[in-house]
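Subject: Structure for you to look at

Hi,

Here is the structure I promised to pass on. Please open it alongside this note, and my findings follow below.

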Amino acid sequence: MSETLDAPTTAPDLAAAAVAIDLANTAIGKAIARLTELGGPDEQQVFAYELAHAGAGVATARSMLAYGAHGDTEGRLACGFVADVLHDFASRLIGREELWGVQLSDLAPTYDFVATYRNPEFVASLATTPGPLHLSDDMDMVRDAFGSFATDVVAPHAEHVHRTNGDVPEEIVSGLAEIGAFGLSVPAEYGGYSEGGDAEYLGMVVATEELSRASLGIGGSLITRPEILTRALVAGGTEDQKLTWLPKLATAEVMPAVAVTEPDFGSDVANLKVTATPAPGPAGEDGYVINGVKTWCTFGARADVLALLARTDPDRSKGHRGLSLFIVPKPRGEAHGFQFSQDPATVAGSERVGKMEGRPIDTIGYRGMHSYEIALEDWWVPADHLVGEEDGMGKGFYLQMAGFENGRLQTAARAIGVMQAAYEEAVEYAENRAVFGSNIVEYQLTQAKLGRMAMIIQASRQFSLEVATLMAQGKGAMEASMVKAYVCKAAEWVTREAMQIHGGFGYAEEYAVSRLFVDARVLSIFEGADETLCLKVIARRLTTSS
């Protein structure tokens, strides 16, 4: 048994932490140059993938320096996390120094720092000190409002929906609309709560974390789809489209699903095959018929519209430049599947009935919103549902990415909420579960696991808040990808170890930690699969900007 929780703690040394991060950044720079020399991410995929994660870890560590300056607890969390990142970086290097163009000796000046702040007794001392958040008064109000809603309304449904593969209760949708969840990114002039400034994205991050702490499937993820369509409309919609759709998105009068992925093309958006072809509607008005299959359309049954990316230029050699984004109205369907039909439209000189069919995809976690494979056959949409109308033709990829970049940040916030919930469950269980005559929180190994969780969660949160501020300034696209890459992988470790602390009970559905574990697993897959994000976005941007 250990008395670590009551032991004297090592004082923080933020100056040494900053030096360690600078050395790590210099090493990252050498590795980027080496990757470029060897042909880039496409030629060296394993190297590029690990470099992207190493870079994301170092960027996350840097964000902790300002937080660490707030006080002793904050400083100790910062130093512990920086040491953890340096250790991870060194472990990626060993045996691959020639490949990376970096020697372990480049990091040698950090060894004393790492030894001090990775000392098991030091890490264990952080077990029950997750640290204050240091939010502004306005953001504290947002946190309190959404935290209360998450606890009072979302949490009571979370386990039932997960175990029965049920639906999102309508009281959650309507309740979130009442407290403004869907209008956080809608400009005030269109009925939302966004007024620009450096806090533009902060409220969304704070609200998403609180909702996800109660449930990923029926809480934090509800904001994402309206957020993605909102950002696309703000970036490229016509004034009439903004006036029509943004107020409805802000109040949940219209709830969207996102239809981008196709069965043969996961993250390879440029090669999508679903087509949108000009065709007059039932009353002869201008429009398009959509044909093809989309998959992983989360919330596809309950949604009122699909934000659908389709090929409007038949010349497939144009890749992503031939794609356009449509707002596709649909009736609300049943969770177990749906079939809809439209009045006939004239397609290629003949009358055809538009059809839409949705098939649910059962998943091990992230339940409640449900994902679907949706087949569309001559499904007609009016011409003014092309985002940007004529000016939006061929720009769908860019408009979709405008939404997805923020979606990556929001996914990181969701991951933080899941991690925070897992940490809280683990602490509570450890403090009340006795093994071999002592509560398991008294053992150093348990304490060290909890301590590492505490610093990972706080670092993830601080980096997310920093990225939110950057994005409000029109920057941070690279950092948004990095924060998703780091935080979503971290969530897998945190929830796994929280489950492990529960022992056999962690594997039982009786305890919420089992839900948190399977929910966390999806985070590195959606909003850009981790491998694609690292190779096609982070590593590519690193090598082109070096």
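A contact here means heavy atoms within 4.5 Å. With that in hand, residues 24 or more positions apart account for 76% of the contacts in the protein with a separation of 6 or more.

Please keep in mind that this is a predicted model. The average pLDDT is 93, and 97% of the residues score at least 70. Residues 1–8 have a pLDDT below 50, and this stretch has 18 contacts in the model beyond near neighbours in sequence.

On the overall fold, the protein has 16 helices and 10 strands. Its C-alpha trace spans about 80 × 55 × 40 Å along the principal axes. For 546 residues, a compact globule would have a radius of gyration near 24 Å, and the 24 Å of the protein agrees with that. Of those 546 residues, 57% count as buried. The accessible surface comes to about 21300 Å², with 51% of it belonging to carbon and sulfur atoms.

As for charge, there are 43 positive and 73 negative side chains, and the centres of the two sets lie 6 Å apart.

Trp296 has a phi near 55°, a positive value in a residue other than glycine. Trp296 sits in the loop between β3 (287–294) and β4 (305–311), and is partly exposed because its relative accessible area is 46%, which falls between the cut-offs of 20% and 50%. Phe436 also has a positive phi, near 55°. Phe436 lies in the loop between β9 (434–435) and β10 (438–439); with a relative accessible area of 81%, over the 50% cut-off, Phe436 counts as exposed.

Best wishes

Notes: Residues numbered from 1 in each chain as written. Heavy atoms only, no water. Helix = DSSP H or I, 4+ residues; strand = E, 2+ residues; numbered from the N terminus. Rg over C-alpha atoms; globule rule 2.2 N^0.38 Å. Buried < 20%, exposed > 50% of the residue type's maximum accessible area, 1.4 Å probe, protein only. Areas by Shrake-Rupley, 256 points an atom, 1.4 Å probe, with all protein chains shown as cover. Lys, Arg positive; Asp, Glu negative; His and termini not counted. Charge placed at Lys NZ, Arg CZ, Asp CG, Glu CD. pLDDT = per-residue confidence, 0-100.
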